[in-house]
Amino acid sequence: METVNILTIISIAFLGSFGHCIGMCGGIVLAYSTIKIEPESSKVSQSFAHLIYSLGRVFTYSILGAMFGALGGVVTFSNNANGALLIFAGIAMMLAGLSLMGKIKFLTLIEHSFSSSSLYKRAFKKVLNSKSNLSFFVLGMLNGLLPCGFVYFFAITAASTASPLYGALVMAIFGLSTIPAMFGLGFLATLTSATSFRNMMMSLASIAVILYGAYTIYNGYDYIVNPKKSLTECHT
């Protein structure tokens, strides 16, 4: 993957984590910080708990990235199809950016109700009440399955790579880039009240998503007119 695209993914994920992720998942972090972590435990112990929770999210995101990358690879059977995949992904990214801005309801239309299933709720409640170290990792894995517009954007990005490996890498970079915000939230609950700051970061991330979508569309066009390029060379 090209350095410029890795930096773009990191930038979008990092900015969005202080806007969208804190708003969406902040309640879960505060809940497990209150229920699962003893106030008198050392900072090292607390830090370890927050870290393995985040690594659980990254693990789930990586698996999802590999799945979407493989799905993208299935539909890439000709130069025109490869270029069309990138153009379609770019359009979806731009729609996702507008949706994250609140301009349209694109992402809410494709959200599923997995998190509302009784099986998921029972598993989540059981893991939340456990205080073993493994339970933090499992809780992070379950958190990674929650419907989230930001995750959908990176899933689209993963699919556009048409590669399970690159797809997993995209989602892993996304997850790792959100750790600073979510890790800090575990110690600084007051971040959830910084609404204006979150809105600013979300706006910046949304603009970056739209620009990245436009760039992906250009890559799709470039792939069609330059068929000697590989899909991963053109996009990643």
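A crossing is called left-handed if the near helix is turned anticlockwise from the far one by less than a right angle, and right-handed if clockwise. This is a predicted model, in which local features need pLDDT of at least 70, side-chain atom pairs count only at pLDDT 80 or more, and totals for chains, interfaces and linings use all residues. Residues are numbered from 1 along each chain as its sequence is written, and side-chain values use heavy atoms, leaving out hydrogens and water.

**First stop: α5 and α6**

Select residues 118-128, helix α5, and residues 133-143, helix α6. Their axes lie 9 Å apart, at an angle of about 150 degrees, which makes α5 roughly antiparallel to α6 (over 145 degrees). Look along the pair and you will find a left-handed crossing. Now show side chains: Tyr120, Ala123, Phe124, Val127 and Leu128 of α5 meet Ser135, Val138, Leu139, Leu142 and Asn143 of α6 (contact means heavy atoms within 4.5 Å). Of these contact residues, eight are nonpolar, two polar and none charged.

**Second stop: α2 and α7**

Next, select helix α2, residues 43-74, with helix α7, residues 149-160. Here the axes come within 7 Å and cross at roughly 45 degrees, so α2 and α7 are oblique to each other. This crossing is right-handed. Which residues of α2 and α7 make the contact? Pick Tyr61, Gly65, Phe68, Gly69 and Gly72 on α2, then Val151, Ala155, Ala158 and Ala159 on α7. Colour them by type and you get six nonpolar, three polar and no charged residues, with Gly counted among the polar ones.

Definitions and conventions:
Axes are lines fitted to C-alpha atoms, for helices over the stretch in contact, and angles run from 0 to 180 degrees between N-to-C directions. Helices (H or I, at least four residues) and strands (E, at least two) are DSSP runs, numbered from the N terminus. Angles under 35 degrees count as roughly parallel, over 145 as roughly antiparallel, 65 to 115 as roughly perpendicular and the rest as oblique.
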